[in-house]
Amino acid sequence: GTTFTVNLPIMIVHGEVRELPRVHPTAGGSITLAARPWLDGLRVLIVDDEPDTLAMLEIMIGEFGAEVRCCSSAAEALVAMDDFKPDVVVSDIEMPGEDGYQLIAKIRARDRGRGAQTPAIALTAYARAEDRVRALAAGYQMHLAKPFEPAELAVVIASVAGRSVKGSAV
């Protein structure tokens, strides 16, 4: 029984176009790379409470050559830090129980030999500037907003792992 009223601004139409319209980078299309990011042999730990997201990320990152381990909670991820010894952690922020901020705090509090310095990427739907600042201040090296392109994630993983990508985006 609720009624919503939305007022949208009227678009001004110009008869003549003087320059090409600006298009937001996430407005369709896909990114292709002249050379694939080199993730061969890289161990990537993915932490997300959504099973479908875990499955998608496992396939996506695996296609770039990485060895992937998936965890559905911060507690599982901490155990995997000891067993799997990842080179990079990719974690969602919003998770039930312990969230991504609590997870990165626990990782950073570990001894150096137990993964305290492991590069980490916050992969989250929280995309505001404040969210990015909070993730970086918490201990993540990068913040990547969902949705993202597979090539973008692979390049970010390669970057935080200290691997270069030869070639350029096309």
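This section describes the fold, the helix packing and selected loop residues of the chain.

The structure is a predicted model. Its secondary structure comprises 5 helices and 5 strands, arranged along the sequence in the pattern β-α-β-α-β-α-β-α-β-α. Of the 170 residues in the chain, 36% are buried. Among contacts with a separation of 6 or more, 66% are accounted for by residues 24 or more positions apart.

Two helix pairs were examined. Two packed helices are described by the angle between their axes and the distance between the axes. Helix H1 (residues 51-62) and helix H5 (residues 150-160) have axes that come within 10 Å and cross at roughly 70°. H1 is therefore roughly perpendicular to H5, since angles from 65 to 115 degrees fall in that class. The crossing of these two helices is right-handed. H1 contributes Leu57, Met60 and Ile61 to the contact, and H5 contributes Pro150, Leu153 and Ile157. By class, the contact of H1 with H5 holds 6 nonpolar residues, with no polar and no charged residues.

In the second pair, helix H2 (residues 74-83) packs against helix H3 (residues 100-108) at an angle of about 25°, and the axes are 10 Å apart. H2 is therefore roughly parallel to H3, the cut-off for this class being an angle under 35 degrees. The crossing of H2 and H3 is right-handed. On the H2 side the contact is made by Ala74, Ala77, Leu78 and Met81, and on the H3 side by Leu103, Lys106 and Ile107. The contact of H2 with H3 has 6 nonpolar residues, no polar residues and 1 charged residue.

An α-helix has 3.6 residues a turn, so residues three or four places apart point the same way.

Gly139 is located in the loop between H4 and S5 and is buried, with a relative accessibility of 15%. Apart from neighbours within four places in sequence, Gly139 is in contact with Ile104 and Arg108. The C-alpha atoms of Gly139 and Tyr101 are separated by 8.3 Å, although these residues are 38 residues apart along the chain.

Ala66 occupies the loop between H1 and strand S2 (67-71). Its relative accessible area is 11%, and Ala66 is therefore buried. When neighbours within four places in sequence are left aside, the contacts of Ala66 are with Leu39, Leu42, Val44 and Ile61. Leu39 is 27 residues from Ala66 in sequence, but the C-alpha to C-alpha distance between the two is 5.0 Å. Ile61 also takes part in the contact of H1 with H5.

The loop between strand S5 (142-145) and H5 contains Phe148, which counts as buried at 15% relative accessibility. Not counting residues up to four places away in sequence, Phe148 touches Met56, Leu57, Met60, Leu123 and Leu153. Leu57, Met60 and Leu153 also belong to the contact between H1 and H5. Phe148 and Ala125 are 23 residues apart in sequence, with a C-alpha to C-alpha distance of 9.9 Å.

Two features of backbone geometry were noted. Most residues other than glycine have a negative phi, and most peptide bonds are trans. In the loop between S5 and H5, which holds Pro147, the peptide bond from Lys146 to Pro147 is cis, with omega near -5°. Lys85, a residue other than glycine, has a positive phi near 50°. Lys85 is placed in the loop between H2 and S3 and is partly exposed, with a relative accessible area of 47%.

Note on methods. Residues numbered from 1 in each chain as written. Predicted model: local features only at pLDDT ≥ 70, side-chain atom pairs only at ≥ 80, totals over all residues. Heavy atoms only, no water. Axes fitted to C-alpha atoms, helices over the stretch in contact; angles between N-to-C directions. Helix = DSSP H or I, 4+ residues; strand = E, 2+ residues; numbered from the N terminus. Parallel < 35°, antiparallel > 145°, perpendicular 65-115°, else oblique. Left-handed = near helix turned anticlockwise from the far one by under 90°. Contact = heavy atoms within 4.5 Å. Nonpolar A, V, L, I, M, F, W, Y, C, P; charged D, E, K, R; others polar. Buried < 20%, exposed > 50% of the residue type's maximum accessible area, 1.4 Å probe, protein only.
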